Amino acid sequence: MARHGEQRGWYGKLIGAALGVTLLATGASVWTAQAGAANESSPREKAPVSSGVKRVAASIAHASDAGERGVNITIDDGPDPVWTPQVLDVLREYGVKATFCMVGTQAQAHPDLVKKVVAAGHRLCDHTVSHDTTMDKKSESYQSRQIVDAERMITKASGGVRPMYYRAPGGAFTPYSRDLAASRGMRPLGWNVDTKDFEQPGTDAIVATVQEELPNGPTLLFHDAGGDRTQTVEALRRLLPQLKQQGYSFGFPVR
């Protein structure tokens, strides 16, 4: 399973602050790897249920609600004051809605951007408090703090709009984390095409990866934080009209 940037310096800077927040709380292909996680045995303990929230499926979502020719644009790791507005501009230019998988500390730091994402009709996704790609190796109490605290931070920053999905950093899902997210109304969210944009391989390479791997499934993984995202913005500017011309439509991951 792909683990994006396990030693990212940018996330290292977040971890100290993120752990402070969480300790205060009481509370072959990527498809194949993620599908394997979805088929793991049942968790030892039943995840706590969030009252007043409708439970969703705990299996990892990949499909699009736009049908067989649907494409899901998903944007991870923000919001970021430099790159998120540029991504939003491109999405607005081409009339495309996306799912933004937000890191809790980033949402807390930039509530204005979270509100802009929601106001533009995009959906929110819980991407944990500190983007720990080793979450599947940690205790259930740690996983719970990371997921639930991020959910609260994102919901508060948005002005009351809850995340609809949960994406484990680097795909580090566990049966417990999937069940916990589902019990809180957040569908576990995978991906089919890793654009590798985080590695800054060049705009041409990002575009080529999408075109080559889209037959693997509809959910595309991009990033709007963690470094210079110029290539991501330019790749989206090229890909969105190309995909439309090829007969694809844009939707959201199934719930």
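Strands E2 (99-102) and E3 (residues 123-126) run parallel and are joined by four bridges. Here, strands (E, at least two residues) and helices (H or I, at least four) are DSSP runs, numbered from the N terminus, and two strands count as paired if DSSP finds at least two bridges between them. The model is a predicted one, in which local features need pLDDT of at least 70 and side-chain atom pairs count only at pLDDT 80 or more, while totals for chains, interfaces and linings use all residues. Residues are numbered from 1 along each chain as its sequence is written, and side-chain values use heavy atoms, with hydrogens and water left out.

The pairing can be followed from strand to strand. Met102 has Asp126 of E3 as its bridge partner, and Asp126 in turn stands opposite Tyr166 in E4. E3 and E4 (residues 165-166) are also parallel, with two bridges between them. Altogether, the secondary structure of the protein chain comes to nine helices and eight strands.

Of the 255 residues in the protein chain, 55% are buried, where buried means under 20% relative accessible area, exposed means over 50%, and partly exposed lies in between (1.4 Å probe, protein chains only). The chain exposes about 10400 Å², and carbon and sulfur atoms supply 52% of that area. These areas come from the Shrake-Rupley method with a 1.4 Å probe, and for residues only the protein chains shown count as cover.

In soluble globular proteins, nonpolar side chains tend to be buried together. A nonpolar core is a set of buried Ala, Val, Leu, Ile, Met, Phe, Trp, Tyr and Cys residues joined through side-chain atoms within 4.5 Å. The largest such core has 33 residues, and the members that touch the most others are Ile73, Phe100, Leu220 and Phe222. Elements giving two or more residues to this core include strand E1 (70-76), helix H3 (83-93), helix H5 (111-119) and strand E7 (219-223). H9 gives the most, with six residues. A second, separate core holds 12 residues, among them Met135, Ile147, Ala168 and Ala181.

Leaving aside neighbours within four places in sequence, Phe100 is in contact (heavy atoms within 4.5 Å) with residues including Ile75, Val87, Leu88, Val117, Leu124 and Asp224. Two of these, Val87 and Leu88, are among the buried residues of H3, together with Trp83, Thr84, Val90 and Leu91. Seen down the axis of H3, the buried residues fall within an arc of 165°, so they line one face of the helix; the arc is that of the directions from the helix axis to the C-beta atoms. That buried set packs against E1, E2, H5 and H9. After H3 comes Gly95, with a positive phi near 65°.

Thr203, Ile206, Val207, Thr209 and Val210 are its buried residues, and they line one face of the helix, since their arc down the H8 axis is 155°. These buried residues pack against E6, E7 and H9. Asp204 and Glu212, on the other side of H8, are exposed.

Val114 counts as buried because its relative accessibility is 0%. Val114 lies 12 residues from Met102 in sequence, with 8.7 Å between their C-alpha atoms. Beyond its neighbours within four places in sequence, the contacts of Val114 include Pro79, Met102, Leu124 and Ile154.

Pro79 belongs to the loop between E1 and H3, and a cis peptide bond joins Gly78 to Pro79, with omega about 5°. The backbone oxygen of Pro79 is reached by the side chain of Gln106 at 3.0 Å. Gln106 sits in helix H4 (residues 104-109) and is buried, with a relative accessible area of 9%.

Finally, two residues other than glycine have a positive phi. Thr128, with phi near 75°, is in the loop between E3 and H6 and is buried at 0% relative accessible area. Lys196, with phi near 60°, is in the loop between strand E6 (193-194) and H8, and counts as partly exposed at 36% relative accessibility.

Definitions and conventions: A polar contact is a pair of N or O atoms within 3.5 Å; within protein, one must be able to donate a hydrogen and the other to accept it, and residues adjacent in sequence count only if both atoms are side-chain atoms.
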